[in-house]
Amino acid sequence: MKAVFERLSPRQRSYAAAAGIALISLGAGYGLSMLGGGSDGGDAAADAGCEEVLYWYDPMVPDQRFDEPGKSPFMDMQLVPKCAGGDAQAGEGVSIDSGMVQNFGIRTAEAEYGVLEPETTVTGTLAYNGSEVAIVQPRAGGYVQRTYGHAPQDLIAKGAPVVDLLVPEWGGAQQEFLAVAATGDAALTSAARQRLRLLGMPEGVISSVARSGRPQSTITVTAPQSGAITSLGVRPGMTVMAGQSLAEISGYSPIWLEAAVPEALAGSARVGQPVSVTLTAFPGERFAGRIIAILPSAQEASRTITVRAAMPNPGLRLKPGMFAQVTIAPERREALLIPSEAVIRTGERTLVMITQESGGYRPVEVRIGREAGGRTEVLAGLAAGEEVVTSGQFLLDSEASLAGIDVRPIDDAPTAAGEEGAQAQADADEPRTYRATGTIERITSRSITLRHGPVEALEWPAMTMGFATEGPAQVRGFQRGDRVTFTFVQASTGPRIVSIRKTGQ
């Protein structure tokens, strides 16, 4: 062989060496492939925790299948194996090997009844009390003699003088009244007195003329209530007509708070609901109030609903126009709660994955409500005691979709998971009764206004507010100023009296 190689030319020797190297490389590759045999598939299956892998797939694109493991071409993640036998419970749920449960980080939590108290924080502005507005008007025309130096936005007390008016036509009528009264004819005197009333003369002025025997043509118009002069339309020397508006006086104790609640959160506010308020003017202090009205129209530009609350204003510290941060605490209500991370929103419906007693996992359709503090209220589709998947649920949902597992409808949910859940539901439906003491401020046929002390169970401070009653019979025998002990419930229309009795009875 060596002699043959030596007889070759240099070019022929180079060709022979290259051919030898190629044959050796081909043989080595074939030997390695035969040595490995069919072990690649077995090793991959063992690493995946499966006895046999049917195919590999990306959980985010479950319809695309691959014959070998590796990195997903769609996401920055490894492909997941589909183990043989995984469809054994396709009609009931997804079966996952116990080792894979730990690898995928699947965690569960129990659906249970609890109190969900989401708080809505919005902005608001303090305003004058629109239910305590007085218009100052003269009963007769005349000339302004004095205005007492008042100006717009001045504070004025009830009964304080606003303006002195000279009414010329009263002089002649009063002289006639005095002449008739001097005759001693009671019928004529009564008719003359009635004429003075029709001229707009107050009863006090008529009595003063009768006692003194002298005409009184000047009248002092006083403030009918305490408050701020929000409008003043009178000046010295003016001529005014009967019924002309001289001033407008607005009260602000209690003061109004008008808050803008987003339309999406309008359902969390109701009449009678307490609010907590912080003001820039008083940092570190919190003020309490209660919703008295929800205005019927929405603001088109901001898509908000105006909620009006009344707040006590002792010392008139709170001023109209102040900016406020308002926290609306909803009614305490028992509800079936699950962790919010367990919820899968597909766009068309809402799902959760639950564990089954026979093993495996199954998708369930639910209807959800409010959400707060990392928990979501379940209105239908689940029962207390069922276990929901809180981590790894998207992978299980993809597996369920891939295997064609039916989603359990909302109507197929069990009514309750044990007597404890049923009792909790019954307790949630029954309104809670609260007790307080107070003093009656006003009574009508269908309501009673009470100045009551704090109600710790509801975190209410002492305040004056109205309560609905069951009818006139419930408050018969009570009167303004009575000290009472009462119980009430938080109905959907506001607080309602259940029982009431005088203190000491």
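These questions and answers concern a predicted model.

Q: Which residues of helix α7 are buried, and why do they share a side?
A: Helix α7 spans residues 203–212. An α-helix has 3.6 residues a turn, so residues three or four places apart point the same way.

Q: Which exposed residues does the opposite face of α7 carry?
A: This face is turned away from the buried side of α7. Its exposed residues are Gly204 and Arg211.

Q: Which strands stand at the edges of the open four-stranded sheet?
A: The strand order is β10-β9-β7-β12, with antiparallel pairing. Each edge strand has a single partner, so one side of each is left without a neighbour in the sheet. The edge strands are β10 (218–222) and β12 (239–240).

Q: Which residue in β10 stands opposite Leu165?
A: Strand β9 covers residues 161–166. Five bridges join β9 to β10, and the two run antiparallel. Opposite Leu165 stands Ile219.

Q: Is Thr485 buried or exposed, and what is its relative accessible area?
A: Thr485 lies in strand β27, residues 483–491. Beyond its neighbours within four places in sequence, Thr485 is in contact with residues including Arg435, Thr437, Ile500 and Thr503. Buried means under 20% relative accessible area. Thr485 is buried, at 12%.

How values were computed
Residues numbered from 1 in each chain as written. Predicted model: local features only at pLDDT ≥ 70, side-chain atom pairs only at ≥ 80, totals over all residues. Heavy atoms only, no water. Buried < 20%, exposed > 50% of the residue type's maximum accessible area, 1.4 Å probe, protein only. Pairing = 2+ DSSP bridges. Contact = heavy atoms within 4.5 Å.
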